[in-house]
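Have a look first, then read on.

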Amino acid sequence: MMTSGSGLKEIRERAVVVGLTGGIGAGKTTALGMFQELGAETFSADEFVHELYRRPDVKEMLAHKFGDEIFNVDGEIDRKRLLRKAGQFPDGLKWLENLVSPLITQERIRLMETTPAGSVVVIESPLLIEGGFQRGYDLVVTIEAPFGVRQKRLSQRFDDKAMQVLEKRRLTTGQRIASADMHFTNDAGLNELRYFVRMVYDRALTMAGAKSSTGASEKASF
Ligand code: ATP
């Protein structure tokens with residue numbers, strides 16, 4: 001029998017699926033790597049999108065919608081340019097989300113069905129809560145950090161303008177935390193983040209084995 005997110009003392013016939021989300025540049029990918037080191041099956045929506053944008057049919061679709069300015073000199077999608085361009089269209093960012101979200105859902109279901117029971121799948125998806133996809137996950141975890149910290153960490157990747165465009169599409173930290181089961185403020189070192197990741201992983205493993213009789217539906221904060 002499959003359990004609901006808060007179901008206790010029941011045996012799951014599938015892996016536990018953790019949704020990992022958070023603020024832009026808050027440390028989601030770093031945390032995902034830590035889950036992988038612990039033995040979780042991991043999936044990054046961001047990496048998936050990178051691969052998606054390399055597909056000729058998708059490139060053609062994007063060019064049709066946003067024009068050729070979104071390509072770099074090698075004829076590949078330049079994500080910075082794409083985001084800037086999409087931000088100029090009233091429906092541009094929503095259109096991109098609609099292209100990508102169903103494919104991520106498909107992948108989540110595939111992983112859920114193919115990963116052995118008793119193990120843990122972690123799916124990093126930046127718009128998990130914004131898109132209202134929480135119900136597809138057994139545990140939703142958000143990684144947050146103050147804006148200034150994130151801006152500094154991402155200064156190589158985004159200019160301030162691109163970050164502001166993206167930030168406008170997002171819920172606030174407080175809103176994400178309110179919708180998540182667990183959250184972490186990643187404004188200290190990597191060891192603190194690793195400690196939190198281990199705690200989430202242990203909790204997910206407990207859920208996978210349904211050994212826990214308390215705590216699985218409590219909120220945790222750091
Ligand atoms: P994006 O929203 O762009 O996908 P992200 O949330 O996945 O970003 P990361 O890529 O994991 O964030 O982290 C952003 C940068 O911050 C990386 O260079 C990472 O090494 C660094 N970083 C993450 N956590 C910490 C930390 N606790 N201490 C120092 N640097 C960190």
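For sorting residues, Ala, Val, Leu, Ile, Met, Phe, Trp, Tyr, Cys and Pro count as nonpolar, Asp, Glu, Lys and Arg as charged, and the others, Gly among them, as polar. On that basis the shell around the ligand splits into six nonpolar, seven polar and three charged residues. The shell holds 16 residues (C-beta, placed from the backbone, within 6 Å of the ligand), and the closest are Gly27, Lys28, Thr29, Thr30 and Arg153. Helices H1 (28-38) and H9 (190-209) are the elements that give two or more residues to this shell, with H1 supplying the largest share, three residues.

Two housekeeping points: numbering runs from 1 along each chain as its sequence is written. This being a predicted model, local features need pLDDT of at least 70 and side-chain atom pairs count only at pLDDT 80 or more, while totals for chains, interfaces and linings use all residues.

H1 and H9 also pack against each other, and here's who meets whom (C-beta atoms, placed from the backbone, within 7 Å):

| Helix | Residues in the contact |
|---|---|
| H1 | Thr30, Ala31, Met34, Phe35, Leu38 |
| H9 | Leu193, Arg194, Val197, Arg198, Tyr201 |

Those residues divide into seven nonpolar, one polar and two charged. The axes (lines fitted to C-alpha atoms over the stretch in contact) lie 10 Å apart at an angle of about 55°, on a scale of 0 to 180 degrees between N-to-C directions.

Conventions
Helix = DSSP H or I, 4+ residues; strand = E, 2+ residues; numbered from the N terminus. Contact = placed C-beta atoms within 7 Å.
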